[in-house]
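Here's a short walk through a few spots in this fold. Have the structure open and follow along.

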Amino acid sequence: MLFMLTTSDAGVLKTVDRLAGDEDKELLLISDAVYLAREAMAEVLSGHSIDEVYAEEAALAKRGIKPSSTCETVDMDRIVEIVLNSQKLIQL
């Protein structure tokens, strides 16, 4: 299940857990949500059993954020591919 996040509020991860249940979870971080891609947040994300984390390249650059090694930086073409390949997409 793919969750597209636009907020930097880590509290939304509890909602992700509830909605995903036992399904695999992927996060696509866009806009201000890329703050969750920082190294300081890697441990928080790992505590939620997130399988894949993607962060929008342009949003990272605009905010001067270097993502953690557990996060894949993606451009718009890759974002479109991820969204189209997802079976379920939820935007939070």
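Ile90 sits in strand β5, which covers residues 89–91. This is a predicted model, so treat what follows as a reading of that prediction. Leaving aside residues up to four places away in sequence, Ile90 touches Met1, Leu2, Phe3, Met4 and Leu19. Leu27 is 63 residues away from Ile90 along the chain, yet their C-alpha atoms are 9.8 Å apart.

Now for helix α1, residues 12–20. Its buried residues are Val12, Leu13, Val16 and Ala20. They span an arc of only 105 degrees around the axis, so they end up on the same side of α1. What do the buried residues of α1 pack against? Their partners are β1 (2–5), β2 (26–29) and α2 (42–46).

Over on helix α4 (residues 76–85), have a look at Val80. Together with Met76 and Leu84, Val80 makes a nonpolar surface patch of about 320 Å².

Is Val80 buried or partly exposed? It counts as partly exposed, and Ile90 gets that label too, because both values fall between the 20% and 50% cut-offs:

| Residue | Relative accessible area | Class |
|---|---|---|
| Ile90 | 24% | partly exposed |
| Val80 | 43% | partly exposed |

Notes:
Residues are numbered from 1 along each chain as its sequence is written. This is a predicted model: local features need pLDDT of at least 70, side-chain atom pairs count only at pLDDT 80 or more; totals for chains, interfaces and linings use all residues. Side-chain values use heavy atoms; hydrogens and water are left out. Helices (H or I, at least four residues) and strands (E, at least two) are DSSP runs, numbered from the N terminus. Buried means under 20% relative accessible area, exposed over 50%, partly exposed in between (1.4 Å probe, protein chains only). Contact means heavy atoms within 4.5 Å. The arc is that of the directions from the helix axis to the C-beta atoms. Patches are made of residues with over 30% relative accessible area and no salt bridge: like charges are joined within 9 Å, nonpolar side chains (Val, Leu, Ile, Met, Phe, Trp, Tyr) within 5 Å. Accessible areas come from the Shrake-Rupley method with a 1.4 Å probe; for residues, only the protein chains shown count as cover. A salt bridge is a side-chain nitrogen of Lys or Arg within 4 Å of a carboxyl oxygen of Asp or Glu.
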